[in-house]
Amino acid sequence: MGLHLDAGERCTPELVNWINAKFDPNGNVDGYMFSRRTFFMNRWIRYGGHYPNFHLRLYRAAKGRCEDKAYDQHFIVEGSKEQLPVGIDMIDIVTDSIYNFTMAHARWAVKESQEQLSAMQQVGEVNANYRGNAIERQRWLKSNLFERFPLFWRSLFYFLYRYFFRFGFLDGKQGLVFHFLQGFWFRFLIDAMILEGKQNKKQ
């Protein structure tokens, strides 16, 4: 079994306790999904649909891999999977400054826009299934709802949905900054790059 943690991520005490007390590396489960607690400007972002947010990070090395996508990749496992209860989480300190946060998202916006403009768009290997697990359902919503909305409107609707309908405003001032930048500005930037790319192709 291998545990994958990105830079800025670490295990909560609850996850460490589960690994030490209940995890069976020789059991029948090939991959485990657990939620991620996002911390932004020293605040846990708990609303806006951002928690719980499940990821598959603990898996049998021989059966797991990262899907081949330029952006928004997930780990996939060919075998049985188990979703751990909410609370047995990992922590993600998403940035150490607003500058680094926006610069990183600007780079990711380039990758996402290029992928959507490509005639050979990488759809990934996650099975987009509304009735599937949390990761499969999230991929279905993105590919079947969000990406079919008109450019720019979708970023506006997504922010309004996160901030008001999913109670993102309860995350305080830090949440306003996070949900606006990550839920609106980032997605708007992607759409602007897509529009620019389409215009360049016509010319």
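**Entry 1: Glu 112**

I looked up the surroundings of Glu 112 and found it in contact (heavy atoms within 4.5 Å) with Tyr 71, Lys 142, Glu 147, Arg 187 and Ile 190, leaving aside neighbours within four places in sequence. The model is a predicted one, in which local features need pLDDT of at least 70 and side-chain atom pairs count only at pLDDT 80 or more, while totals for chains, interfaces and linings use all residues. Residues are numbered from 1 along each chain as its sequence is written, and side-chain values use heavy atoms, with hydrogens and water left out.

I located Glu 112 in helix 2; helices here are DSSP runs of H or I with at least four residues, strands are runs of E with at least two, and both are numbered from the N terminus. Glu 112 has 1% relative accessibility and therefore counts as buried. I used buried for under 20% relative accessible area, exposed for over 50% and partly exposed for in between, with a 1.4 Å probe and protein chains only.

**Entry 2: Phe 34**

I found Phe 34 in strand 3, residues 31–40. Its relative accessibility is 0%, so Phe 34 counts as buried. Not counting residues up to four places away in sequence, Phe 34 touches Leu 3, Leu 15, Asn 53, Phe 54, His 55, Arg 57, Leu 58, Leu 84, Ile 88 and Met 90.

**Entry 3: helix 4**

I noted that helix 4 (residues 153–165) has 13 residues and reaches 17 Å from its first C-alpha to its last, close to the 18 Å expected at 1.5 Å a residue; the expected span is 1.5 Å times one less than the number of residues. Which residues of helix 4 are buried? They include Arg 154, Ser 155, Phe 159, Arg 162 and Tyr 163. These residues cover an arc of only 150° around the axis, which puts them on the same side of helix 4; the arc is that of the directions from the helix axis to the C-beta atoms. Trp 153 and Phe 165, on the other side of helix 4, are exposed. I found helix 2 (98–117) and helix 5 (172–202) among what covers the buried residues. Phe 167, which follows helix 4, has a positive phi, near 60°.
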